[in-house]
Every structure is written in structure tokens, then in C-alpha cells.
Amino acid sequence: MSFLDAGIEFAFSFDQLYDRLQSMPAPIRLRELIRTIRTARTQAEEREMIQKECAAIRSSFREEDHTYRCRNVAKLLYMHMLGYPAHFGQLECLKLIASQKFTDKRIGYLGAMLLLDERQDVHLLMTNCIKNDLNHSTQYVQGLALCTLGCMGSAEMCRDLAGEVEKLLKTSNSYLRKKAALCAVHVIRKVPELMEMFLPATKNLLSEKNHGVLHTSVVLLTEMCERSPDMLAHFRKNEKLVPQLVRILKNLIMSGYSPEHDVSGISDPFLQVRILRLLRILGRNDDDSSEAMNDILAQVATNTETSKNVGNAILYETVLTIMDIKSESGLRVLAINILGRFLLNNDKNIRYVALTSLLKTVQTDHNAVQRHRSTIVDCLKDLDVSIKRRAMELSFALVNGNNIRGMMKELLHFLDSCDPEFKADCASGIFLAAEKYAPSKRWHIDTIMRVLTTAGSYVRDDCVPNLIQLITNSVEIHSYTVQRLYKALLDDISQQPLVQVSSWCIGEYGDLLVSGQCEEEEPIQVTEDEVLDVLEGLLASNLSSPVTRGYALTAVMKLSTRFSSVNRIKKVVSVYGSSIDVELQQRAVEYNALFKKYDHMRSALLERMPIMEKTATNGPTEMVQTNGEAEPSGLESKHPPSITQPASQANDLLDLLGGNDVAPVIQTTPAAKPASAGGELLDLLGDLSLSGDPAPQVPVSQPSFLLDGVSSQPLFNDVAAGIPPMTAYNKNGLKIEFTFERSNTNPNIAIITIHASNHTETEMTNFVFQAAVPKTFQLQLLSPSSNVIPALNQGAVTQVIKILNPQKHQLRMRIKLTYTHKGSPLQDLAEVNSFPPQSWQ
Amino acid sequence: MYSKTRLAKWYMQFDDDEKQKLIEEVHAVVTVRDAKHTNFVEFRNFKIIYRRYAGLYFCICVDVTDNNLAYLEGIHNFVEVLNEYFHNVCELDLVFNFYKVYTVVDEMFLAGEIRETSQTKVLKQLLMLQSLE
């Protein structure tokens with residue numbers, strides 16, 4: 001053999017070998033693949049197998065292998081379902097769709113639905129294929145195309161193919177008509193403008209006998225009516241849709257057993273439900289339609305079997321429809337009774353559904369729902385969380401003046417045993433209900449106490465000031481309240497809101513507590529020391545939050561005017577002067593200062609709180625601004641705070657300016673925020689003007705600017721501008737002089753010091769000076785040096801007034817003086833007009 | 001608890017990762033419930049109607065305004081068809097024949113609505129389709 005021959009032979013055999021290597025083995029079957037993957041024991045093993053298979057599939061795709069493409073794509077889809085990326089198969093799906101074989105098409109469309117979505121450009125390429133398939137000779141292919149379009153057709157595709165869908169809607173083939181109807185629904189959802197196109201096709205839809213077509217037609221009509229009020233009107237009037245639907249429904253109910261669509265003895269419940277839903281839309285806000293369907297609704301409601309879920313589904317839809325249209329009252333009562341029956345059903349799904357509906361109707365049909373109150377209250381004990389929640393909301397909606405006692409008992413019991421997530425809402429609800437319908441103040445207080453002791457730590461923060469306000473206003477049972485709160489405190493000091501309210505009360509009414517008088521129940525014997533022990537315990541305990549400690553310290557302080565053991569209190573206060581907690585330290589230091597330098601003011605400062613008015617309807621934030629919180633934090637200011645004048649005095653002053661009888665409100669400024677300049681500012685006047693026509697508005701402004709020029713000295717130290725003093729008043733031996741200064745820091749502020757002197761032979765006691773200025777000014781009155789003016793000019797009472805005059809108007813003032821002289825009370829009014837110009841320009 | 005999705009059919013547009021996230025959320029919400037809970041769960045601004053058959057949960061996510069009880073019946077209808085078609089269906093049937101299960105879904109649901117409710121009709125169609133393979 002020549003060298004050349006050997007070479008050629010070798011080349012031939014090499015070719016054969018090469019060929020044999022080229023034809024790879026047929027890709028494994030889907031079943032094989034699934035079985036193999038399931039044998040993988042770890043995630044890593046599975047991933048390895050998948051990668052190997054993917055590589056094989058990829059090379060197979062590259063070879064443009066028609067025979068096995070379908071199989072490969074199917075495998076790819078399986079792997080995609082497991083969560084692995086499969087986008088390299090997208091184009092293959094398109095090729096499958098374009099193929100002529102049914103199996104190919106089927107996998108291709110499935111692949112398209114799983115792998116492609118609107119956001120990829122690839123899917124647009126499908127449009128042509130789908131168009132061809134919609135006109136295919138085999139209905140199954142047409143069906144596939146319709147299905148795919150209806151599931152994931154984008155807006156552009158829908159626009160292009162809507163005409164084809166519409167054609168198919170009119171075909172006589174019921175298999176296709178069904179699909180076309182729902183496909184049309186999808187088209188309308190994507191491109192609402194195309195709705196008009198389908199209108200002519202809907203004319204005959206309802207005369208079909210085929211249930212499937214009927215069902216999908218109803219869905220289509222529902223979609224159209226929901227989206228467009230014009231369509232709705234059209235269907236009502238022109239098509240006489242309602243009578244048609246009523247007729248169909250009637251046939252369904254009356255006709256005998258039809259095996260095809262029967263579910264547990266009821267014929268085609270799904271169709272019934274959809275028809276009822278469409279009737280609901282048609283009957284809403286339309287008297288004629290509602291009337292036309294009254295009878296059939298009553299019939300369905302009474303004749304449907306309720307033993308199985310199916311019947312209940314229909315009844316539920318019926319109830320929803322009745323409540324939504326303009327039905328007559330008899331029908332509505334029937335509906336609510338059905339819901340009431342649902343509540344007694346063993347199946348919790350049905351109870352849930354009933355509660356949800358009742359919640360929606362309780363506003364409109366309150367009385368009818370009331371009848372089922374006891375069942376609803378029983379549902380509070382259900383095991384399912386969502387049922388309990390709905391029962392609770394419904395119970396609160398049903399509380400009224402008549403059933404408050406009974407309901408509250410149940411609700412309190414519920415509060416005891418419910419999950420923590422409910423407690424906050426339940427507590428707030430109870431408070432609201434108690435506030436609206438409390439039969440007596442004592443009952444109200446008892447209820448609140450019960451809530452505080454059982455769910456105290458879940459009560460919302462805004463409840464504390466609300467409660468304090470409530471307690472203050474229930475004057476006649478102060479002693480009862482403080483006694484009960486004290487007893488509660490002895491038992492348990494861990495629940496902060498309870499402790500806060502209790503310590504506040506003890507601070508206010510501690511004297512009632514130790515005096516041992518209580519009308520409502522057996523008075524307990526408590527000594528002052530015991531009370532102070534409890535409060536000190538709170539201060540020292542780890543369970544108390546910083547806020548609570550603040551409350552406790554203030555309470556101790558208040559007791560200094562009510563108890564006799566002042567020394568002990570002084571000791572406590574001074575101990576906390578070096579506390580690490582800044583808030584506590586500040587309070588203690590200020591109270592100490594009160595003991596030392598301002599002892600004469602202490603009793604006035606720590607007086608009982610007046611009755612608080614609510615400034616806004618149930619606004620918790622407004623509450624914070626009134627005396628409730630203001631007192632403890634008001635004392636934080638660095639300046640001697642002014643006297644908390646009792647309400648009656650403010651009243652008188654308002655009379656000063658024109659005799660209006662506005663309900664007085666003492667608004668101490670929102671000093672609850674310690675950051676504000678604090679100092680209780682008596683905003684006496686708000687919008688009242690000297691001309692005597694009042695604007696009875698409650699002042700809310702924060703004139704903290706008035707303290708701008710003031711340093712930590714008790715009084716200002718601005719440079720006197722050399723303004724001449726003036727005598728404002730001189731009568732009956734009482735002389736009042738004004739001296740002026742302008743604030744250095746704020747040119748709009750004038751600072752007036754009054755000097756009140758008395759040149760009669762007897763002193764004047766209980767001296768109170770009040771002033772009012774016109775609308776454009778704002779006034780702040782600081783505390784007087786004393787309220788006794790000694791006789792024979794031996795001393796004077798001084799008081800500081802600050803006036804803000806941003807508009808530089810001429811300063812005018814009305815003043816009112818009250819004092820006791822020679823045993824008899826006197827009062828006088830005067831106008832002061834001749835202020836030196838430098839004081840206000 | 002590790003749960004696998006055997007079938008997921010979407011009638012609204014989502015990205016792949018959005019889909020994955022949604023699936024995980026639904027798993028988390030549904031699998032912690034037991035017999036004493038109702039079959040309805042509030043989910044984002046929709047609701048899920050679900051029913052458990054042996055080890056499988058069948059969940060449908062619908063609008064809040066839809067009739068819960070009717071869709072519960074829909075699930076049961078669907079499961080009964082599966083049962084007939086696969087002759088006492090079990091989970092493995094669904095795994096190995098996933099593309100056939102999708103066909104059943106597409107026969108009974110379309111565009112997010114129930115399409116065919118008659119079990120006999122659906123089964124007839126499925127057998128026809130099978131003969132074309």
C-alpha cells in the first residue's frame with residue numbers, strides 16, 4: 001500500500017468516526033429528566049444536573065433540530081418552574097408556535113405564557129402567529145390562540161387582534177364563543193377604548209342555551225357595565241337586560257336536575273352567582289331595575305338550600321345584592337336575617353363572611369343588626385383571629401345607651417382574654433364608648449379602672465390626659481376615685497398608664513384620701529406617711545418609667561400643701577435634686593427653690609385644678625395643652641411661673657371688655673413641651689378687642705416670644721430706656737404707678753412694672769391686678785411680689801407686665817383691681833390711655 | 001418549612017423576581033394557618049382563597065370584592081376535574097404531567113375569570129385534546 005493510499009484510508013475512517021461522533025444521542029425524554037432531577041439529594045446536585053441538561057438543550061437549539069424541539073422546550077419549562085433561568089428558550093417557543101403540529105403549538109403557547117411577558121419585545125413577534133391561528137381550521141388551535149391572547153396579551157397585541165376576537169364572538173361554535181368572550185374581557189381591561197367594538201356582538205349572547213357561553217357572556221357584560229356608566233345605562237334601557245337575567249335565573253332555580261352543571265343539588269351555582277352580581281350592578285341607584293328584581297331576589301333567598309357551602313355562596317351573593325340596590329325594607333330585613341343565620345353556622349368561613357357584611361351594613365340598618373347582637377358578642381370567643389377582630393369592631397358599632405352595661409361587661413371580659421394585638425384597639429374603643437354612653441360617672445370611673453388594671457400597659461398614650469381630664473371634672477366622686485386608684489397602686493405598680501393616673505390623683509386629692517371620707521364605698525384608713533411611702537416607692541422602683549417618676553415627684557410636691565408632713569417632702573425633693581435623670585433633677589431643683597425662696601407662692605401654685613373645658617371635640621393633643629399636663633411641666637421653667645388663676649377670674653376679665661358671655665377657658669400655653677419657653681402664660685384675651693365686640697375664640701397662640709428678652713434672672717435685666725413713669729390709677733387710697741422699659745432684644749416689647757401702694761391706715765389684702773389690651777397687642781402678666789399692700793405706704797406690691805406691640809399702635813389698657821380693705825371686698829375698673837409715646841413707638 | 005410550587009398561573013404582569021417574591025409571601029402567609037382559621041386571608045390589597053388537600057395548598061388570589069364562598073367552590077370544582085382526569089390524582093401526577101395540568105387550568109379559567117364550570121364538558125374537551133397528541 002502506498003503512503004498516499006494509507007493516508008486516504010485513514011482519512012475515510014476518520015470521517016466515519018467523526019460522523020458517528022456528530023450525531024449526538026437523542027435528547028432524553030421529559031419523564032426521564034424529571035425522574036433524574038428528583039433523585040438529587042442536595043441543591044448543589046440538582047443544580048449540576050440542570051446545568052448539564054441546559055447545555056445539551058442549548059446545543060440542540062443551535063442545531064435547529066425540529067424533531068426534538070418540543071421535547072427540549074418542555075424540559076426547559078419544567079426547569080423554569082423549579083426556579084432556574086430559561087430565557088434562551090424564548091425564541092424557540094415562537095418557532096414552536098409557528099409549526100404546524102398541534103403538539104408543537106401547544107408547548108409553544110404554554111412556553112409563551114410562562115416565559116414571555118409584555119416587557120419583552122420578543123412577544124410582539126407572536127402577534128402574527130396568533131392572528132393566523134385565530135383563523136385556523138381546527139377549533140383547538142383557535143382555542144389555544146384565544147387562550148394565550150386572553151392570558152398575556154399586551155395592549156398592542158390586543159389592539160391588533162381585537163377584530164379577530166370580535167369575529168369569533170359571533171361564531172356559532174360555543175367552544176370558541178366562550179373563550180372569545182373572556183378574551184374580550186381581557187382586551188377591554190387592557191384597552192378600554194375598544195369596548196364599543198364588542199357591543200353589537202353582545203346582543204344575542206344571553207339567548208344562548210349553553211351554560212358556558214352564558215357564564216362567560218355575563219362576565220363580559222359585567223366587565224363592560226363596571227367600566228363605563230354609558231354602557232350601563234345602555235344595557236338598562238335599550239337591551240332590557242334585567243328582565244332577561246331574571247328569566248334566566250328563574251329557569252335555573254325552577255328547572256329540575258341537570259347533571260352537567262349540578263353541584264351538590266344546585267344547578268350551576270357559578271352562573272347564579274355571576275348573574276346576581278350583574279344584577280347588583282344594574283340595580284344600583286336605579287329604582288326601576290331594583291323593582292324588577294325584587295321578586296327573584298326574594299325567591300332565591302328563600303328557596304336556596306343552605307346545608308352546603310354552595311347554597312351559602314349563592315345566598316351570600318344575594319345578600320350583597322339586596323344591600324346594594326334600592327330594595328324595599330322587607331327584603332333588607334330578610335337579608336340581615338340571613339346574615340344572622342350565617343353567624344350561627346358551624347362553618348367558620350361563613351361566620352367570617354357574615355361578620356364582614358354586617359360591618360358594612362350596620363350604619364344603614366342599625367336596628368335590624370341590633371337584633372343579632374348576642375350572636376355577634378358570642379363570636380368574640382371564636383378561635384379565629386380575623387373573626388374575633390370583626391366581632392369586636394361590630395360590637396363597638398352596636399353599643400348604645402340601652403345596652404351599654406351588658407355590652408361593656410362582655411367587652412371587658414374580651415379585653416381580659418384577647419391577644420395583645422387587640423388590646424390597644426379594644427381599650428381605646430371601650431374608652432370612647434364609655435365616654436359617649438356612660439350611665440353614671442361612677443360607672444365610668446369603674447370601667448376605666450378596670451381597663452387600666454387589666455390592659456394597662458397597652459393603653460394608648462393619649463388616654464392618660466383624657467382620663468385625667470375626666471377625673472377632674474367628676475367633682476363629686478373625687479374621694480372615691482382617689483381611693484380606688486390608691487388601692488390599685490398598692491396591688492401593682494408595673495402598668496405605667498395606671499400608675500401615672502394614680503399618682504396624679506393622689507397628688508391632687510391626697511387630702512381626701514387621708515381624711516377618710518368617702519360616700520360611695522367604705523373609706524379606708526390611710527395615713528400621710530403611708531401615702532408618701534407609696535409615692536417614694538414609685539420614684540425608687542425600676543419598673544417606673546422616667547415619665548412616671550416625673551408624675552410621682554410632682555405628686556409628692558403637691559402634697560406639701562395638702563399634708564402636714566412637709567419636712568419629709570422637703571427631704572424627698574432635695575434628694576432628687578442630684579438625680580441622674582435630668583428631667584427629675586430639674587423638677588426637684590425647682591421645687592426646692594419653691595420651698596426656699598418662693599414659699600409664699602407655694603399654696604397658690606399648688607392649688608386644686610379647676611374644671612377643664614374640652615377645647616376641641618375629643619382632640620387628645622388639645623388636652624395636652626390644658627392644665628392636665630401643663631402643671632407638672634409648667635414648673636420646669638426657669639422663671640417663677642405666674643399664678644394659675646381660677647376660671648372665675650378670667651370670666652370677670654372677659655366681662656371687662658364688653659360683657660360677652662363666652663365660656664371661659666384657661667389656656668396655659670402648650671407648656672407640655674418642655675422645650676418651649678414654658679412659664680404659664682395667661683393669654684387672657686385672645687381676640688377680644690376693647691371696642692367690646694368679642695370674637696369668642698379660644699386662643700391657641702404660643703407667645704413664647706415674650707420671653708425672648710429674659711434671662712435666667714427672675715426678672716428682666718434690660719437697659720432702661722429712660723421712659724418717664726406714669727400714674728395709672730389713684731383712688732380710695734390705692735395708687736398704681738407704671739414704670740417702663742423697652743426690651744433690648746426685641747424692639748416690639750415694652751416692659752411695664754406696676755407699683756401698687758396704699759396710703760390708708762389699714763392694709764389691703766387679697767390684692768389682684770388684671771389688665772386687658774386691644775386686639776393688636778399681646779400681654780403677659782408675671783406674678784406679683786405679694787398680694788398684701790401694707791398700709792401707710794410702707795411697702796408696695798410690684799408686678800411685671802410685658803406687652804408685645806408689633807404694629808406699633810398706641811398703647812391702651814383697661815385694668816381691674818380687686819382687694820379686701822377693712823374687711824370688705826372691693827373692686828374697680830379703670831382705663832389707662834395716656835401712655836408715654838416711648839413705651840409703644 | 002420548605003415548600004415547592006407545583007403550578008403557578010399569572011393573569012397580571014410581573015417580573016420574574018416579583019413573581020418569586022410574591023410566591024414566597026403567599027407561602028409564608030398560608031402555611032402557618034391551621035384548621036381553626038378561615039380559608040380566607042387578606043394579602044396586600046387583594047385576598048387569597050385557599051384550600052388544603054393532603055399536602056397541597058390550592059390558592060387563588062382575587063379582588064377584595066369577589067365572593068369568597070363562590071371561589072372556594074371553584075377550587076373544589078377544579079380539583080375534582082383533576083381527580084377525574086388523572087384517575088385519583090396524586091401529587092406526582094401533577095409533577096410529571098405539568099403541561100397537562102396547565103391545559104386543565106386553561107380549560108376552566110381564562111383572563112382571570114372562571115370559564116367553564118361543567119366538569120363533564122371540561123373532561124370531554126381534555127380527552128379530545130389528548131387524542132391530538
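Chain A and chain B bury about 5500 Å² between them, 55% of it on carbon and sulfur atoms, where buried area is the accessible area (1.4 Å probe) that two parts lose on being put together, summed over both. The model is predicted, so that local features need pLDDT of at least 70 and side-chain atom pairs count only at pLDDT 80 or more, while totals for chains, interfaces and linings use all residues. Residues are numbered from 1 along each chain as its sequence is written, chains are lettered from A and ligands numbered from 1 in the order in which they are written, and side-chain values use heavy atoms, with hydrogens and water left out.

To the contact (heavy atoms within 4.5 Å), chain A contributes 64 residues and chain B 59 residues. Six salt bridges are counted between the two chains, a salt bridge being a side-chain nitrogen of Lys or Arg within 4 Å of a carboxyl oxygen of Asp or Glu; one of them joins A:R274 to B:E113, with the closest N and O atoms 2.8 Å apart. On the side of chain A that touches chain B, helix α10 (residues 174-190) gives the most, with eight residues, helices being DSSP runs (H or I, at least four residues) and strands likewise (E, at least two), numbered from the N terminus.

Chain A also holds an open sheet of five strands in the order β3-β4-β5-β8-β7, with antiparallel pairing, where two strands pair if DSSP finds at least two bridges between them. Because β3 (726-731) and β7 (778-781) of chain A stand at the edges with a single partner strand each, one side of each is left without a neighbour in the sheet.
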